[in-house]
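Please consult the sequence and the coordinates alongside the text.

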Amino acid sequence: MIVFSERINGMYRDVRAAIPERNKQLIHQLLEKQLAGGADVVDINIGPSKGDPVENFIWLAQTVHEMTDKPLSLDSAKADLLVQVVPRVRQALPDTKLVINSCTAARAYMDKLIPIAVENHTGIIGLTMDQDGVPGNVEKRVECGATFLMTALEAGMSTDDIYLDPITLPINAAFKQQENVIEGIRQLALINDPAPHFIIGLSNVSTKCLLNKLLNRTFLVMCLTAGLDTAIVDSADQELIDAMVTAEVLLGKQLYSDEYVKAWRMQKGLPTGC
Amino acid sequence: MTIPEAKEKWTGRVNPVTLGATKAEGGTRGRAVTIGGADGIPFLGFDGQTPHPPAIALDVLDKPPAEWPRPLAEVYGDVWSDPAAWARRAKELGADLVNLRLVSTHPDEDDRPPEAAAETVRAVLAAVDLPLIIWGCDVAEKDQKVMPKVAEVAQGENCLLGAATETEYRTLAAAAQAYRHKLITLAPCDINKSKQVNILVSDTGFPLTDIVIYPTTAALGYGMEYIYSILERGRLAALSGDRLMAQPVILDVGYEAWRAKEARATGGDADAWGPIAQRGPAWEAVTATTLLQGGADLLVLRHPVAMAAVRNVIRQLSGA
């Protein structure tokens, strides 16, 4: 399982304020917890922070990179911003693995961002939606996912650099859509061999829900059974990570041992508390 | 669209582990032997490389064995009252390593003291310059006294010491680390326990890269398939990046194969099974060559004919 950490995101008020203030300390404090929890990739998003968005993005990428060599996921819904930011970050951090988060399967978006991914040797997250918005069913998700996958492969990308995101919506706002996500992953996993990665923005499922953490970890485990292998999560949520590792053991993706959670942490080089 | 590559893409690799230390490395061995290092399925050259072919150790006991059948007595009977002479025989026969078993320290055998065991190890080290694998008597309480002493007299020789288990690992791991030896971790026919023992040993500060896994062994006709599937799963875990299962594997084939009645029985029905001189080596060789396919890096054997057959198979399967 590849863990993208979600916390360095300007949608959180503390991060949003820290960016224009160039408050590295706060970013590093948050990041340290995400890394200690087991993050493999750090997702960064400037949110609606004040100031020049390109400069903000570069600053945030460099600030994160000061603490870790881990890959960065450059997160924005604005394709035009990513078109500007990705080459700049690539130039500033030539040896860091990057992932573009994200691009829809709408032709205009793919034409803009897939070439940027190829030129800058980055991975890319493809959303299973197009100009018509988020599909309300499985079929359209599969259609969009297949379109995105084929377009990226034809542009010369390898499946290992392609992440399909079947789009997670909150349970309190979008009933039935969670089932569609799971079935979407299941069907998309069959259309290409080797399969691309499948990713979800997990916390979306529980936005403004009281029992958000319980919803998060339950939904993560459900998606894992369908073939999810990547997720953007709060990696500092230990119960979530423990549930994820447990599901992987039960699915036979990791070898069981009595201390399998500790084994997982040892392999990641994380503190094991002993 | 092009046809996708059929070969597996592995992220992990079996740790290479070097046994024995030459003069330059602070020991007195003539040469060191490296096992492991594979980054693909055994003998599938297109899948990955096996930089070090499986090594073979021959058994040496520290007292004359009571129950070794005639084909083995014919090879070792004249030397088996002297472990040093026996070890020299093993070297003459072409072993890569000597597998020394301190069986006489067993409380129900001769209950020999740690000092006597240490003396035996010293004598064997002086007699041959091959790397050594050294086992206690498999009684934890006694081994905890014997093995630290043995580790001490073999200091710097980079021996392989056996065996740490889920309940008894601290003393042996400490001795191996203090006197710079490698360590065998043992979990009988249980891959999950095998991983757990490695976690426990690693927790003591012992490096995961200095461990060799012993999943126990079963001979042809006596549950070999259980061990085979454990080898296979362990190897796939290692190649998939599980660092707690990335250790090379030792198998005690000689001991198990020569326990089989097919290898040792004479008279009655057994006479129809073929000449006793061939049955034992054949049982040993078939067990060894089968288990090698599952992923094994160090084989302990007994009969030179079996050793020759196994080497021949390794050579042919490696395309060398």
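The model is predicted: local features need pLDDT of at least 70, side-chain atom pairs count only at pLDDT 80 or more, and totals for chains, interfaces and linings use all residues. Residues are numbered from 1 along each chain as its sequence is written, while chains are lettered from A and ligands numbered from 1 in the order in which they are written.

**Sheets**

Helices (H or I, at least four residues) and strands (E, at least two) are DSSP runs, numbered from the N terminus. Two strands are taken to pair if DSSP finds at least two bridges between them.

In chain A, 8 strands form a closed barrel in the order β1-β2-β3-β4-β5-β6-β7-β8, and the pairing is parallel. Neighbouring strands of this sheet are turned against each other by 25° on average, direction ignored; for such angles, axes are lines fitted to C-alpha atoms, for helices over the stretch in contact, and values run from 0 to 180 degrees between N-to-C directions. Strand β1 (residues 2–9) of chain A runs parallel to strand β8 (residues 230–233) of chain A and is joined to it by 4 bridges. A:I2 has A:T230 as its bridge partner in β8(A).

Chain B has an open sheet of 8 strands with parallel pairing, ordered β8-β7-β6-β5-β4-β3-β10-β9. Its edges are β8 (211–214) and β9 (250–252) of chain B; each has a single partner strand, so one side of each is left without a neighbour in the sheet.

A residue is called buried if 20 or more other C-beta atoms lie within 10 Å of its own, exposed if 12 or fewer, and partly exposed in between, with C-beta atoms placed from the backbone. Strand β4 (residues 97–101) of chain B is mostly covered, as 5 of its 5 residues are buried. B:L97, B:N99 and B:R101 point one way from β4(B), whereas B:V98 and B:L100 point the other way.

Strand β3 (residues 55–61) of chain B is joined to β4(B) by 5 bridges, and B:D59 has B:N99 as its bridge partner. Strand β5 (residues 132–135) of chain B is joined to β4(B) by 4 bridges, and B:L100 stands opposite B:I134 in β5(B).

A nonpolar core is a set of buried Ala, Val, Leu, Ile, Met, Phe, Trp, Tyr and Cys residues joined through C-beta atoms within 7 Å. The largest such core has 175 residues, and A:I100 and B:V98 have the most contacts inside it. Helix α7 (residues 224–239) of chain B gives the most to this core, with 7 residues. Contact between two residues requires C-beta atoms, placed from the backbone, within 7 Å. Leaving aside residues up to four places away in sequence, B:V98 touches B:A57, B:L58, B:V60, B:A87, B:A90, B:V124, B:V128, B:L130 and B:L132.

**A helix pair in chain A**

Helix α3 (residues 53–67) and helix α4 (residues 79–92) of chain A have axes that come within 10 Å and cross at roughly 40°. Their contact divides into 9 nonpolar, 2 polar and 1 charged residues; Ala, Val, Leu, Ile, Met, Phe, Trp, Tyr, Cys and Pro count as nonpolar, Asp, Glu, Lys and Arg as charged, and the others, Gly among them, as polar. Among the residues that meet are A:F57 and A:I58 in α3(A), and A:V85 and A:R88 in α4(A).

**Contact between the chains**

Chain A contributes 12 residues to the contact and chain B 13 residues. The side of chain A that touches chain B has 6 nonpolar, 2 polar and 4 charged residues.

**Backbone sites**

Most residues other than glycine have a negative phi, and most peptide bonds are trans.

A:P194 lies in the loop between α7 (177–188) and β7 (197–201) of chain A, whereas B:A163 is in strand β6 (residues 160–164) of chain B. A:I167 is in the loop between β6 (162–165) and α7 of chain A, and A:I167 counts as buried because it has 23 C-beta neighbours inside 10 Å. B:N158 is in the loop between α4 (140–153) and β6 of chain B, and B:N158 counts as buried with 25 C-beta neighbours inside 10 Å.
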